Amino acid sequence: MIASFRNAGHRRGALLTLLACALLCPPAWPVGFVLTQDELMRLLKVVDQRGSRTTIPRSVATVLQLKSDQLEPDVKQAAYLDDQGNRHGFAKLNDGSGFFMFSSGAALGQTVYVVDKDLHLIKAARSLLVNGPLIPLPEAEGQKELDQEFGRWSKLLSPGGQVVNPFKPPGAASPGAPVPAEPYPFKKPDQKSL
């Protein structure tokens, strides 16, 4: 192929071949998972219509480097419990700059994320205990966990999935469907943050 570049007539053909390869071949690096635009719109509709208000603790906001205009006085979120009893939550930041997400459970500890409005990871942190101190995650590890979290939300929101409406009241949930989580994963809005 290098020899083809020496001859002007072959350069064009070689460039087209390289371009076709770049467009048709799968990438050699892993591509992260993100919610589709339709799934995100559905999730935001659930947050608006059925979401609950919660205050994010100052310790979480500090580790994620969130600003007061993103969080105050509180955020509106959607949260659910999965089959293993782990809680997952999603909230829109008040200034429209992005979203706050979390997952927590006795076996998982707690992982928190802040993503921009295009769902790209800004920061992630984890604690080994549900209310333990948070430690910032390296970008690669945070992205890997965020991809898994997006996969859980996508499965939940996917019209082809088993769960049609996981946010129904507990008595109306279909068998095997996740039930809505306690509406305040951190603190109720009327309580002061730490």
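What follows is a working chat about the predicted model shown above.

Student: Before anything else, what are the ground rules here?
Tutor: This is a predicted model, in which local features need pLDDT of at least 70 and side-chain atom pairs count only at pLDDT 80 or more, whereas totals for chains, interfaces and linings use all residues. Residues are numbered from 1 along each chain as its sequence is written, and side-chain values use heavy atoms, with hydrogens and water left out.

Student: OK, how many helices and strands does the protein have?
Tutor: The protein has 6 helices and 7 strands, where helices (H or I, at least four residues) and strands (E, at least two) are DSSP runs numbered from the N terminus. Along the sequence the pattern reads α-α-α-β-α-α-β-β-β-β-β-β-α.

Student: And how do the strands line up in the sheet?
Tutor: The 7 strands form an open sheet in the order S1-S2-S3-S4-S5-S6-S7, with antiparallel pairing; two strands pair if DSSP finds at least two bridges between them. Strand S1 (52-54) and strand S7 (135-136) stand at the edges with a single partner strand each, so one side of each is left without a neighbour in the sheet.

Student: Which strand does S3 pair with over 6 bridges?
Tutor: Strand S3 (residues 87-92) pairs in the antiparallel sense with strand S4 (residues 98-105) over 6 bridges, and Phe102 in S4 is the bridge partner of Gly89.

Student: What lies across S1, S2, S3 and S4?
Tutor: Helix H3 (residues 37-50) lies across those strands, running at about 105 degrees to S2. Axes are lines fitted to C-alpha atoms, for helices over the stretch in contact (heavy atoms within 4.5 Å), and angles run from 0 to 180 degrees between N-to-C directions.

Student: Switching to aromatics, how many pairs are there?
Tutor: There are 4 aromatic pairs, counted when ring centres of Phe, Tyr or Trp (its six-membered ring) lie within 6.5 Å, with planes under 30 degrees apart called stacked, over 60 edge-to-face and the rest tilted. Tyr80 and Trp153 form an edge-to-face pair, 5.0 Å centre to centre with 85 degrees between the planes. Tyr80 lies in strand S2 (residues 75-81) and Trp153 in helix H6 (residues 139-157), so this pair ties together parts that are 73 residues apart in sequence.

Student: Are Tyr80 and Trp153 buried or exposed?
Tutor: Both Tyr80 and Trp153 are buried, on a scale where buried means under 20% relative accessible area, exposed over 50% and partly exposed in between (1.4 Å probe, protein chains only). Ring pairs also link Tyr80 and Trp153 with Phe90 and Phe99 in a cluster.

Student: What about salt bridges?
Tutor: The structure holds 5 of them, each being a side-chain nitrogen of Lys or Arg within 4 Å of a carboxyl oxygen of Asp or Glu. One of them joins Glu141 and Arg126 at 3.0 Å, N to O; Glu141 lies in helix H6 and Arg126 in strand S6, so the pair ties together parts that are 15 residues apart in sequence. Arg126 is buried at 18% relative accessible area, while Glu141 is partly exposed at 32%.

Student: Last topic: where is Leu119, and what is its phi?
Tutor: Leu119 is in the loop between strand S5 (109-116) and strand S6 (121-127), and has a positive phi of about 70 degrees although it is not a glycine. Leu119 counts as buried at 4% relative accessibility.
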